[in-house]
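Have the sequence and the model open as you read.

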Amino acid sequence: APWYKKEKFDPNTLQPFDRVLVRDICSENWSCGFFSHTVIFDNVYKYNVGEVLYSMCIPYNDETKHLLGTKEEAPEFYKYWEE
């Protein structure tokens, strides 16, 4: 229905071993990995994937898989960061 609106993605819902897409800034390509955990680094949330910290981390799924290897913007639902 047109009145229905999904809530925004909450990165706190990610669980260890979830498949994710990550990058630090919008001019970088998205890469994939397995989510490990969230840390606070210099008062900023960072997402640990394969022992590397990233500032943008979204689920890898049917809605986001086309982003892999591109600089495209994430669907609005997944954008919790400010550009």
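Predicted model: local features only at pLDDT ≥ 70, side-chain atom pairs only at ≥ 80, totals over all residues.

Tyr 80 and Trp 81 make an edge-to-face aromatic pair, with 4.9 Å from centre to centre and 80° between the planes.

## Phe 9 joins in

In total, the structure has 6 aromatic pairs. Take Phe 9 with Tyr 80: the ring centres sit 6.2 Å apart and the planes meet at 50°, so this pair counts as tilted. Phe 9 comes from the segment before β1 (19–23), while Tyr 80 belongs to the segment after β5 (56–59), so the pair ties together parts 71 residues apart in sequence. Phe 9 itself is buried, at 10% relative accessible area.

Zoom out and you'll find these rings in one aromatic cluster, made up of Phe 9, Trp 30, Tyr 47, Phe 77, Tyr 78, Tyr 80 and Trp 81.

## What about the cysteines?

How many disulfides does a search of the whole structure find? The count is 0. For Cys 26, the nearest cysteine sulfur belongs to Cys 57 and is 15 Å away. A disulfide needs the two sulfurs within 2.5 Å, so that spacing rules one out. Cys 26 is partly exposed, with 28% relative accessibility.

Cys 32 is in no disulfide either. Its nearest cysteine sulfur is again that of Cys 57, 11 Å away.

Technical notes: Residues numbered from 1 in each chain as written. Heavy atoms only, no water. Phe/Tyr/Trp six-rings, centres within 6.5 Å; stacked < 30°, edge-to-face > 60°. Helix = DSSP H or I, 4+ residues; strand = E, 2+ residues; numbered from the N terminus. Buried < 20%, exposed > 50% of the residue type's maximum accessible area, 1.4 Å probe, protein only.
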